[in-house]
Amino acid sequence: MITLILSFQTDPHSSVMFTRNETVNTSVTHGFEDLITYHIVNTSLGAISTLVNTLLIIIFLSYRPFRTRYVLLILLNIGDLINSMAIVLTGLNRIELYSTAIRTMTLPVRTSVECAIEPWLILKLIGDILIPVSTFWMGVERLVAILFPIFYRFSVDGKAVKYLVVPGVSLLFVFCSICVAFYLAFTENHLTSFYCGRKAAFGEGFGTFIYCCNITCNVASTIFATAAYFKALNLSKTQPRMQRQVNVIRYYLLISVLSTLLVSLPNTIALFQLYVEKVSDSLSKPAYWMQTINSGIHFFVYLALNKEFRARTFRMFKMVHSEEMSLSSKFILLKIE
């Protein structure tokens with residue numbers, strides 16, 4: 001049990017500085033070593049995902065046809081990049097937090113406001129909302145393109161609806177959600193968990209909203225993309241040009257299915273833990289790894305199923321390799337001279 005003694009001092013050897021700490025005993029810090037191991041793994045996955053998403057956004061933005069054609073994929077990519085960076089920062093924070101607790105036998109006393117203004121939590125909040133919203137619009141876009149092709153061609157594709165309205169509405173939804181979160185944190189400021197999660201900062205109600213948003217958006221996108229895929233597949237039997245739509249929907253559908261399995265399932269477990277019964281760490285912790293993996297896997301989906309993306313990626317790497325070879329040759333010639 002935590003001993004309620006506030007030391008009002010900081011650990012001079014720690015980079016995580018808190019003005020209030022409370023003394024704890026070994027029963028509280030028991031298991032912190034396992035949590036450190038978990039966060040080391042998650043942070044490593046987050047770092048890999050950050051690199052992959054940085055490469056992906058370079059590929060998207062450096063090629064004009066991709067910038068105009070894959071607006072929603074770019075929006076999803078931005079969400080994945082933000083989420084990946086948040087995972088890295090969260091992991092580093094937690095590793096330092098648990099390591100300091102083991103070393104000093106103290107834990108910080110935090111309020112919901114103090115938690116809410118943590119940079120890693122703000123980034124995590126943006127990613128948690130932007131990713132499922134982007135995935136949802138991807139499913140909607142494919143369904144509209146197949147069911148209402150004329151409307152899509154003349155009113156959506158290449159128009160402001162796709163370039164400005166949908167991204168604008170998505171970002172506005174993210175902004176409004178964050179405003180609500182901060183309103184809850186500041187108006188109901190209270191002592192909360194020392195590790196500062198979303199529920200700790202913004203309350204269980206807002207945590208439930210995040211879980212439901214992820215579950216609903218991903219499942220809905222999967223349903224829409226599945227319906228569009230089978231409709232396009234059926235039409236392709238009599239309309240050969242529809243095969244291109246089938247190929248596009250294929251990787252949209254795979255992204256939706258992966259999001260449902262790797263994100264919605266862990267969020268369902270989190271909801272179960274919140275309202276029904278706590279789940280074993282051996283199940284809940286790997287579930288969070290699944291969400292991290294999902295943020296870094298889309299590059300490989302495009303590489304496997306999008307021929308144009310694959311060709312562009314290989315061409316970029318070939319250009320970089322050729323440039324390196326050219327520089328190397330020039331360097332060798334200079335040495336000879």
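# Close-up views of a predicted model

View 1. Ser 134 is found in helix H6, and the model shown here is a predicted one. With a relative accessibility of 0%, Ser 134 counts as buried. If we set aside the neighbours within four places in sequence, the contacts of Ser 134 are with Leu 72, Leu 75 and Leu 76.

**View 2. Helix H4 from end to end.** Helix H4 covers residues 71-104, and its 34 residues should span 50 Å at 1.5 Å a residue. The end C-alpha atoms of H4 lie 49 Å apart, which agrees with that expectation. Is this helix mostly enclosed or open? Of the 34 residues of H4, 25 are buried, so the helix is largely enclosed by the rest of the structure. Just after H4 comes Met 105, where phi is positive, at about 60°.

**View 3. Thr 50 on helix H2.** Helix H2 runs over residues 32-61, and Thr 50 has its place there. Thr 50 has a relative accessible area of 16%, so this residue counts as buried, the limit being under 20%. Which residues does Thr 50 touch once its neighbours within four places in sequence are left aside? They are Leu 81, Ser 84, Met 85 and Val 88.

**View 4. A salt-bridge network.** Side chains of opposite charge can pair when their charged atoms come close. In this view, Arg 20, Arg 110, Glu 114 and Glu 118 are linked in a network of salt bridges. Glu 114 and Arg 20 meet through their side chains at 3.6 Å, N to O. This pair links distant parts of the chain, since Glu 114 sits in helix H5 (residues 112-116) and Arg 20 in the segment before strand E1 (21-23), 94 residues apart. Glu 114 is partly exposed, with a relative accessible area of 26%. Glu 118 and Arg 110 form a salt bridge as well, at 3.0 Å from N to O. Glu 118 is buried, with a relative accessible area of 14%, and Arg 110 is buried too, at 8%.

**View 5. The pair Glu 141 and Arg 142.** Here a salt bridge joins Glu 141 to Arg 142, with 3.6 Å between the closest N and O atoms. Are these two residues buried or exposed? Both Glu 141 and Arg 142 are buried. For context, the structure holds nine salt bridges.

**View 6. The largest pocket.** Rolling a probe the size of a water molecule over the atoms shows where empty space is left. The largest pocket contains about 1,100 Å³ of space. Its lining is made up of 42 residues, and those nearest the centre are Arg 94, Tyr 195, Lys 199, Lys 285 and Tyr 288. Which helices each supply at least two residues of the lining? They are H2, H4, helix H6 (119-147), helix H9 (198-202), helix H10 (204-235), helix H11 (242-275) and helix H12 (281-305). H12 gives the largest share of the lining, with eight residues.

**View 7. Leu 262 on helix H11.** Leu 262 has its place in helix H11. A relative accessible area of 15% makes Leu 262 a buried residue. Leaving aside neighbours within four places in sequence, you can trace contacts from Leu 262 to Ala 287, Met 290, Gln 291 and Asn 294. Trp 289 can be picked out as well: its C-alpha atom is separated by 8.7 Å from that of Leu 262, and the two residues are 27 residues apart along the chain.

**View 8. The whole chain, for orientation.** Of its 337 residues, 48% count as buried. Among the contacts in the chain with a separation of 6 or more, 79% are between residues 24 or more positions apart. The chain exposes about 17,300 Å², and carbon and sulfur atoms supply 69% of that area.

Note on methods. Residues are numbered from 1 along each chain as its sequence is written. This is a predicted model: local features need pLDDT of at least 70, side-chain atom pairs count only at pLDDT 80 or more; totals for chains, interfaces and linings use all residues. Side-chain values use heavy atoms; hydrogens and water are left out. Buried means under 20% relative accessible area, exposed over 50%, partly exposed in between (1.4 Å probe, protein chains only). Contact means heavy atoms within 4.5 Å. Accessible areas come from the Shrake-Rupley method with a 1.4 Å probe; for residues, only the protein chains shown count as cover. Helices (H or I, at least four residues) and strands (E, at least two) are DSSP runs, numbered from the N terminus. The expected span of a helix is 1.5 Å times one less than its number of residues. A salt bridge is a side-chain nitrogen of Lys or Arg within 4 Å of a carboxyl oxygen of Asp or Glu. On a 1 Å grid over the protein atoms alone, a cavity is a set of points where a 1.4 Å probe fits but cannot get out, and a pocket is an open set with protein on both sides within 12 Å along at least five of seven lines; lining residues have an atom within 4 Å of a point. Grid points are joined across faces, edges and corners, and a volume is the space filled by probe spheres set on the points.
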